[in-house]
Amino acid sequence: MVDVRIPITQPAATTTGFDQFSMTQLTLLADSESSSGYTTCTELTVGDDGVRRATAEWSTRGQVTDGPCVAFQPVTSFPEPGLLEWSADGATMIERAPSGAYVELWQRVPGSGRLLEHRRVDHRSEWYRAGDVAVVVRDRPHPIPRPARLQELIADCDGDRSTITALLDCEFSVGHRDVSNWTVIASTLPWRVGGALL
């Protein structure tokens, strides 16, 4: 699985790379909640109301057979399992936190229900595809120093730009296919938007 969550406060890019961003903008880049890994679910049940239900948990850290689990945030803000309910045609799904902390409505993107694919690109990168939508995930080249939210780790850097950009150098780029071209439409690295996905 791959889950890309980019905040609306993310600054836009005018050139390539972290150098274009002020320290304030760099801290805004640290707010993504993107992750990849795998999902485990309980057995599917169908209620008297005809709604299909399962409980899901996500592993987004460490190594699995197919490749690394990559987490943009070293510590997640969503540690709970998800209570899932979805429509008979699979076009919509509702996810609830057991604590009531959140409710999310998920809708299938048109054209994404076919040709599912996951493959390694290289030792740090992976490709996820669902029809005309794909995501490239690239892990950081250097390990995170300790488990903490990125904002906290950045505060520990005393303004050292090279250390801060190393923390942020983790890519989740969403692409859409138009005929045979894949174009980035959203990314944790804003300068990738509008460019080729691979």
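These exercises work through a predicted model.

**Exercise 1.** State which strands form the open sheet, and find its edges.

*Solution.* 
Step 1. Read the strand order: β11-β12-β13-β14-β15. That makes an open sheet of five strands with antiparallel pairing.
Step 2. Look for strands with a single partner. These are β11 (116–122) and β15 (181–187). Each is therefore an edge strand, with one side left without a neighbour in the sheet.
Step 3. From one strand to the next, the twist averages 25°.

**Exercise 2.** Describe how β13 and β14 are joined.

*Solution.* 
Step 1. Pick a residue pair. Val-135 stands opposite Val-174, which belongs to β14.

**Exercise 3.** Identify the largest nonpolar core and trace the contacts of Phe-18.

*Solution.* 
Step 1. The largest nonpolar core holds 24 residues. Phe-18, Leu-26, Leu-150 and Leu-168 have the most contacts inside it.
Step 2. Two or more residues each come from α1 (23–29), β13 (133–138), α2 (150–155), α3 (161–168) and β14 (171–178).
Step 3. Separate out the second core. It has six residues, including Trp-182 and Val-184.
Step 4. List what Phe-18 touches, leaving out residues up to four places away in sequence. Among them are Leu-26, Leu-168, Asp-169 and Trp-191.

**Exercise 4.** Decide whether Thr-76 is buried, partly exposed or exposed.

*Solution.* 
Step 1. Locate Thr-76: the loop between β7 (67–69) and β8 (82–86).
Step 2. Take its relative accessible area, 33%. Buried means under 20% and exposed means over 50%. Thr-76 is therefore partly exposed.
Step 3. Check a C-alpha separation. Thr-76 and Ser-35 are 41 residues apart along the chain, and their C-alpha atoms are separated by 9.3 Å.

Conventions
Residues numbered from 1 in each chain as written. Predicted model: local features only at pLDDT ≥ 70, side-chain atom pairs only at ≥ 80, totals over all residues. Heavy atoms only, no water. Helix = DSSP H or I, 4+ residues; strand = E, 2+ residues; numbered from the N terminus. Buried < 20%, exposed > 50% of the residue type's maximum accessible area, 1.4 Å probe, protein only. Core = buried A, V, L, I, M, F, W, Y, C linked by side-chain atoms within 4.5 Å. Contact = heavy atoms within 4.5 Å. Pairing = 2+ DSSP bridges. Axes fitted to C-alpha atoms, helices over the stretch in contact; angles between N-to-C directions.
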